[in-house]
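Have a go at each task before you read its solution.

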Amino acid sequence: MQEYDVALKLLLKGSATLALHELTGTSVVQWLDVELPKVQRVQNLRLDLLGRTVEGGLIHLEVQSGNDPAMPFRIIEYCLGVRRLLGQFPRQIVLYVGEAPVNMETGLHGPGMSFEYTLIDIRTLDGDRLLESEQVGDNVIAILARLRDDKEAVHRILERIAGLAMTERETTLAQLTILAGLRHLAGTVEEEAEKMPIDLDIRDHEVLGPLFIKAEEKGLREGLQKGRQEGLQEGLHAGKVALLQRQIEKRFGALPRWARVKLEDMPESELLDLSERVLDATSLDELL
């Protein structure tokens with residue numbers, strides 16, 4: 001599930017400003033890339049998202065796709081780690097994006113102590129309101145929220161993506177497809193993408209353009225279908241590479257040409273493994 005995690009975090013740190021405000025009630029002025037000190041029996045204390053708010057406080061947002069009975073213990077460990085490292089207690093929110101009904105405790109209570117965090121099921125957000133946002137990140141996150149018409153929502157999001165600058169299209173379409181998979185809507189994304197009108201500069205679209213061009217060259221109905229499928233898959237792969245490249249550059253800076261070429265040639269399985277290892281790698285040479 002690492003792909004959805006990376007996609008959602010990049011959206012929330014990027015243009016999904018309305019979604020972030022709906023979740024936290026505030027705005028983040030600075031995202032902090034920190035790794036908390038390791039403590040006994042805890043191997044990974046890397047938070048999903050930690051930011052400094054406009055009010056000067058800290059907000060910790062953790063993304064979760066399944067019900068974890070140990071969640072309160074994880075969150076209190078994160079809380080104490082942030083306090084030790086930065087001298088402040090963060091306000092903590094667990095964002096649940098899974099399909100099953102949410103069923104987790106939201107705190108720990110005992111003699112002389114009480115700890116609580118906020119648990120939000122993303123389906124409680126108004127997806128139609130996010131679709132109205134001018135920020136494409138909000139539009140994409142709407143696919144996980146409460147919607148009146150899933151298919152219509154997918155169509156509207158794809159129309160918005162088709163109007164983006166060329167460099168943003170592949171990445172945003174990949175993000176949409178990854179998140180749509182959490183709601184069993186990836187097939188709907190592909191179907192609606194195939195029906196997009198030509199007057200949206202579809203031939204210039206880095207993801208969807210190749211499938212129409214290939215089909216026109218073959219001149220056959222069967223070729224059209226095959227070209228669409230292959231072109232879309234190639235575009236989605238390129239989008240995943242772009243997502244991972246942005247994540248690596250966040251840690252190690254601009255990538256040299258050899259690193260970009262190596263990423264582009266990687267199969268899907270290695271990309272997924274790399275997206276997990278980038279969180280703990282200490283250098284670009286160690287990672288690649």
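**Exercise 1.** Find which residues Leu 49 is in contact with, leaving aside its neighbours within four places in sequence.

*Solution.* Start with the partners in this predicted model: Leu 49 touches Lys 9, Leu 12, Lys 13, Trp 31, Ile 59, His 60 and Leu 61. Next, pick out one of them, Leu 61, and go to the C-alpha atoms: those of Leu 49 and Leu 61 are 5.1 Å apart, although 12 residues separate the two along the chain. Now place Leu 49 itself: it belongs to strand S2, residues 49-53.

**Exercise 2.** Decide whether Leu 49 is buried or exposed.

*Solution.* First take the relative accessibility of Leu 49, which is 3%. Then recall the cut-off: buried means under 20%. Leu 49 therefore counts as buried.

**Exercise 3.** Work out how strands S5 and S6 pair, and in which sense.

*Solution.* Begin with the ranges: S5 covers residues 107-110 and S6 covers residues 113-116. The two strands run in the antiparallel sense, with four bridges between them. To see one of the pairs, look at Gly 107, whose bridge partner in S6 is Glu 116. Finally, turn to the hairpin, where two residues lie between the strands; here Gly 112 has a positive phi near 75°.

**Exercise 4.** Find out how confident the prediction is, and where pLDDT is below 50.

*Solution.* Start with the whole protein: the mean pLDDT is 81, and 80% of the residues reach 70 or more. Then look at residues 198-203, where pLDDT is below 50; this stretch has 13 contacts beyond near neighbours in sequence. Residues 218-227 also stay under 50, and the model gives them seven contacts beyond four places in sequence.

Note on methods: Residues numbered from 1 in each chain as written. Predicted model: local features only at pLDDT ≥ 70, side-chain atom pairs only at ≥ 80, totals over all residues. Heavy atoms only, no water. Pairing = 2+ DSSP bridges. pLDDT = per-residue confidence, 0-100. Contact = heavy atoms within 4.5 Å. Buried < 20%, exposed > 50% of the residue type's maximum accessible area, 1.4 Å probe, protein only.
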